[in-house]
Amino acid sequence: MSLPSFKLLRPRNVEDALGFLHRYEKEGVQICAGGTDLLPSMKQRLFSPAYVMDIRGIEELTHIRVVPGLGVELGSLVKLSAIEDSGFIATHYPVLREAVMTVASPILRNMGTLGGNLCLDTRCLWYNQSLQWRKSCGYCIKKDGDLCHVAPGGKVCWAVFSGDSAAALLCLHAEIEIASPKGRRRIPLADLYTNIGDDRMRLGKSEILTRIFLPEASAGYSGVYRKLRLRGSIDYPLAGVAVAIRKKGKIIDDARVAITGVNPAPRLVKDATHALIGREMNEHAAMVVGELAARVAKPLTTSLLTPEYRREMIKVFAKQSASRATPSGPSIRD
Amino acid sequence: MSDFAIIGKPVALIDSAGKTTGQGKYTDDLSMPGMLIGKILHSPLPHARIKRINPTKAVKLEGVVSVVVGTDAPNKYGILPVGHDETALAVDKVRYVGDNVACVVATSESIAEQALELIDVEYEPLPAYFDPEEAMKAESDLIHDHRPHNIEKEYHHVFGDPGAGFAQADAIVEGRYVAGEVTHAAMEPHSTLAYFELDALTGEEGRLVVQSSTQVPYYLQHKLSIVLDKPMAQIRVIKPLVGGGFGGKSEIIPLEIIAAVAARKAKAPVKITYTREEVFWAHRGRPRTIIDLKTGVKRDGSLTAVAAKVIQDGGAYCSYGVVTILYSGALLGALYDIPNIQYDGFRVLTNKPACGAMRGHGTVNVRFAFESQLDELALKIGMDPYDIRKRNLLKPPCVTVNGLRVQSYGLPECIEKVVKASDWAARRAEYKQKYNGTVRRGLGLACSHYVSGAANSIIRSDMPHSTVNIKIERDGGVVVYTGASDIGQGSDTMVAQIAAEVLGCTLGRIKVIAADTDLTPVDIGSYSSRVTFMNGNATMRAAEDAKKKIIAAAARKMQCFEADVLMRDDWVWKQGTKPPWERTTTAGIAEVSGHVDGQVLRGSLQQKRKDEGPKDFMTFEEAAVSAMDFAGAVSGTGAYAPPKDARGGGHKGGGVGPSPAYSYSAQVVDAGVDTETGEVTVHKVWAAHDCGRALNPVAVEGQVIGSVWMGLGQALQEEFVWKDGLLMNPGMLEYKSPSAVESPEVVTFIVESIDPEGPFGAKEASEGSLAAVIPAVANAIFDATGMRLRESPFTPERVLSGIRKVMGLKKINMTNDVDPTEPHTLREHGGSLWFKGKGPQRHEMDPARKPALSREQ
C-alpha cells in the first residue's frame, strides 16, 4: 500500500506551525509527530490530507523540564522512550512511566511522542482497515459511511480511545497547553476529550497541543498501570487501568483511578476517589474500586476480545491495581 | 576423531551473511528496466456472480498500461490434479471476500492503486456459506457446481475392528474439539516478478522467466505451463532468497500466475508484491477444524480403539485440502500403537480464503484433540499422563494398522528426556502444594510426529522425487546443482554439508546452485519436510558418484586399491598410512596446488605430476585434477525415490500419510494461569525431537524452537476472527503472532534414532515439534486449574470463562455463546456487518442479514 500524495510542511517553531495551520486550514492539514499511528492509517486511506505538517523540527517542544514549586513540564514532542528513561519521572510519577512502558514496542517508543499518544485517533476493528476491506463491510460512520457495526442502528461512533499514557496522566491531574492563533491556553487533560468516537478532541483545526504539565501536588503518588492485550508487546490496550494512591500512615489520603481502551475517551473513575479517601486498603475496598471502574466502562465489539470480557478485566485490573498501588495492602497479585 | 568431519557439527547457514547484511536478494528486491507494477482488485463480496467488468476508466488513467481480467487466462489450475478449480482471476464467480477480480498494471504502485478504484464491477450476490456444517446442508447455489453439498472430499476409513475395540475398553471418552484457523505469517510477503524473453527469430513472445517467492519452483513451472498454454521447457522459474514459507508458498499462489499473465498482456516485466492483507487472503493456512473424537482404553492404559470425525472448514478452493483431510486421519497412526481406527473426514468448501498446507500439515489439530483426550482418559483410569503414553508405544520395525511403515522410533527416549529434565512428578506435586495469589501453575505433557516427506508425490509415479548433479571444477571446487528450495530452513547448507562430507572436502569448496528450473534437476519442492531426507539422499548419491571417479584416479596415483583410498578435510590418503594432518612434513604439496604464478597451467602440472612417481597422500584438489587427467569430465548425479514398501496401503486415500521415516517429539510445558484474568503464561518448554541424526545440530535446535514458538502462537493467541465471511484481523497488528516477550525458553533435546534409510540416518526436524505444544499447553492448563479447554486458541477470555465455570461463579457470556470447554460450533465475531438494508449488497439468504445480536450493556 502506498501513501496518498500530500504536500509536506516542516515548521521550526510553534509560530510557524500555527501559521501553516491557519494558511492551509481550508485545504486541510494533518499534524504528524512520531507518525507511528498516522502513517499506517494514511496508507489505509483513513486520512488523505492535502498537507501533512511534520512538527518534529519544533525544538522547543522536545524537553522535559522540572519547574520547582510547580511540577514538570513536558513538551508534546517528548519521545515516549525519553519518559521511560527519565529517573525523575520514575521516582515522582511512577504511574506515568509504567503506562508509557506498555505502549507498542521499544522501537515504536523511540518514534512515538507523548503528545501523539494523547491525540491518538480512536480505534475500532471495523475502522482500522484498508480501503478495500472497508468497502466489503459498507464502511462506517467514522469514515466514508453511515453505518455502525458495533451499535447497529446507532448514530454515534463508539471507536475506542486506545492510548495508554492518558489514563496515567488523568490520575496525575495533568494539564495541557494548547497553542492557537489567539494565544495559549491551559486546560485539564480531561477536558481535551469529548467521548465521541469520530470527533474525539476539543482541539480546533488551527490549534496544536504543545505542553503537558504534571502538578507537583501529584508527585510521590504510588502508581500502577495494567493493560489488557494478547501480546506482551506491540498491541494497543483492549482495556487499561491506571491507579495512583497517596497514603498517610495506613489511611488513604488521596486516590485516583482512570480507565482507557474501553470508551471513546480515557475516563477518570471519580467515584473511586470518594470510595477510598479516608479508608484503609483491603480486599473489600479493592473490590469496590473494581465495581466502580466497570460501571464507567462501556466496551462494545470494537476489538477482537468480547466486550463482556474487557469489562470484566476493567473490574479485575482496577481491583488488583488498587491493592498493588497500596504498598501495605493485601497482596492480591504477585 | 569423530566419525564425521562435517556432519553433526554446528554450521552457520551458508547464506546467512547475505541475509544478515542485506546483500541477499529476495524477490521484492529485484527490479528490471521497464518493469511495471501490478495491483490486484479483490472481491468485496463472499459469493457473487460477476455480471460485468468495465475497466475503461482505469485504462485511461495516465500511467496505466493494461488491466487484466479473468477471461485473459481462463484455464483452470490447482496444486492437486483432483483440485483444478482456480483461475488466475475470477472468470464467472467470486467465492470469498478478497477473491481476485482484476489486475492493473501501471508504472507505479500508487497509480495502480488509484486505477483499482476506477474499475467498474457489477456483481449479482449469491447466498454464502461460512460455517462448514451449514455449508454441507446446501442443495443449491453451490460454491463449485461439481461439488455437491459443498463437500470437496470425504473419506471413511476403517482399520481393524473399532466396534470390537470399543467393546474391550474399560473407559471411553468422547468429545468435540474445535481448533481455530491459523496462518503462516511468514516474514516475507509473497512476491513475483515475471517477464518474457523475445524469440530470437520472430521477435515475438519467447520464453517466460518467473522469479518468485516459492517453496515449489517445479510445480509453479508446471501450473504456469497449464494456464499460459506454454511448454514447460519454455518457462524458467527461479527462486531467489525466500523469507519463510511454512507451507504458505508450497503451492501456486494467485499472484504468481497473475504476474505472468499480466507480463504477457502488458508486454513488459511485471512485479506484484502482496500487501500483508493480501497475504492473509491468499492464506492456504490451517483450517478451522471440528474434531469429534472417541477413544477407548483398557484399565492398564492400553488403547483399544479410536474413532474420529473431522470436519475442515476449507475455504473456497480445494488447494491441498484433499491431502490435509487425509493426513488428519492417516497420522492418527504411527505415533502410538492403536489397533483399531475409524476415521470419517470431510473437507468442506466455504466462502472464505482457501486453506492449504501449513507446518504440521493436517496433523496438528487432530493431535490437539487426541493428546488432550489421552490425558482425559488417564485421569479417568487413574493413570499418570506419562505412564499412559509409555504404555502405548509402537514396537518398530512395524507397519501400523493403517499401513504406515515405522523403522526408526525415538519417541520413548524423547519422552524420557523431557520427563526427566522437567522433573515431571516432583514439579507437578510441588505446584499442587503451593500457589501464588491468583496464579496456578501446572505441567502438561504431549507428543507428536511428522512425516519425512510423502512417500507418494502429488502425481503418483515412479520417477525420482529428487535429483542432484555435482560438477567438480579444475581447482577442486565443487558445484552442487539441486532443485531443493531453501526457504530459510537451511536446505542449501544441508546439501553442502552432505556433499562435503561424502567427498571429504571442506565446506568452503562447495557452491550450491539451487532451485532454478533451467539449471537444476527436478526436486518436487520444500514441503512435507521431505528435503533433508530425499534431496539429502540424492545429494549423497551424486557425491558418491563423483567421488568414485576421484578415488579411481587417486588409487592410480597412489598405486593402491580403490577401497584403500580415504578422503577427509581436503586430504586424500592411503589406508594404513598416517592421515596427512598428523604428519610432520607435507613437503611437495604446495608445488602441485594447480597454481603457478596465479594461473592454472594444467599441461605443465600434468607433466610435473607424471615425473613425481607414486605417493601415499595428496590434496583434494590434486586428486580432483588427477581424475580429470584420467577420466575427462568429473561429475556425479544421484536421485531418490521412496522405496515401494514405504508407500502405504492400497485403500482409497492410502497414498497420503506413508513416509519413508517419521520424526518424533515429546514436550513438557510449564504454564501459569491467572484465575482472575484467564491469562496463561508459558514459563518454559522442554522439547525433545527425534530427527534421526542431526546433520547440523544448531539448525535442528533452531527448527525445534521455532516449531514450539509457532505452536504456542496457535495455542494461546493466533486465530482468524470471522464475521460473515469477513476476516476481521488481516494484518500483523490484530493477528496475534507471538512477540519475543511471550516466547519462553525452550530447552531442546536432540534424539538421534539413526534411520536406516535417511542420509547419514537423518529424518525431518522442522515440523514434528509443532503439534505437541498445543495439547501440552491444554494439559498444563488442566493440571493447573482442573479445567479442560476443548477449543483453541486458549485466549484469556476462553480460559477465564472455563475457570469461572469450574469454580461455579456466575456465568458471564464472554465467548460469544460458545463454551470453550464444550464447543458445539465455530465462533463468530460479535459485531454486525449488515443492518436494515445498509451495508454491502449481500444476498437475502446471506448469514450477514440475520438480525444482529443485541448487546445492550
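Predicted model: local features only at pLDDT ≥ 70, side-chain atom pairs only at ≥ 80, totals over all residues.
Local features need pLDDT of at least 70 and side-chain atom pairs count only at pLDDT 80 or more, while totals for chains, interfaces and linings use all residues. Residues are numbered from 1 along each chain as its sequence is written, chains are lettered from A in the order in which they are written, and side-chain values use heavy atoms, without hydrogens and water.

**Sheet in chain A**

- Four strands of chain A form an open sheet in the order 9-10-11-12, with antiparallel pairing; strands are DSSP runs of E, at least two residues long, and helices are runs of H or I, at least four, numbered from the N terminus.
- Strands count as paired if DSSP finds at least two bridges between them.
- Strand 9 (222–228) and strand 12 (267–268) of chain A are the edge strands, each pairing on one side only.
- Strand 11 (residues 251–260) of chain A is joined to strand 12 of chain A by two bridges, and Ile259(A) stands opposite Arg267(A) in strand 12.

**Nonpolar cores**

- A nonpolar core is a set of buried Ala, Val, Leu, Ile, Met, Phe, Trp, Tyr and Cys residues joined through side-chain atoms within 4.5 Å, where buried means under 20% relative accessible area (1.4 Å probe, protein chains only).
- The largest nonpolar core has 153 residues, of which Leu224(B), Val777(B) and Phe794(B) touch the most other members.
- Helix 19 (residues 770–785) of chain B gives the largest share of this core, eleven residues.
- Another core, of 53 residues, lies apart from it and includes Ala500(B) and Cys560(B).

Notes. Buried < 20%, exposed > 50% of the residue type's maximum accessible area, 1.4 Å probe, protein only.
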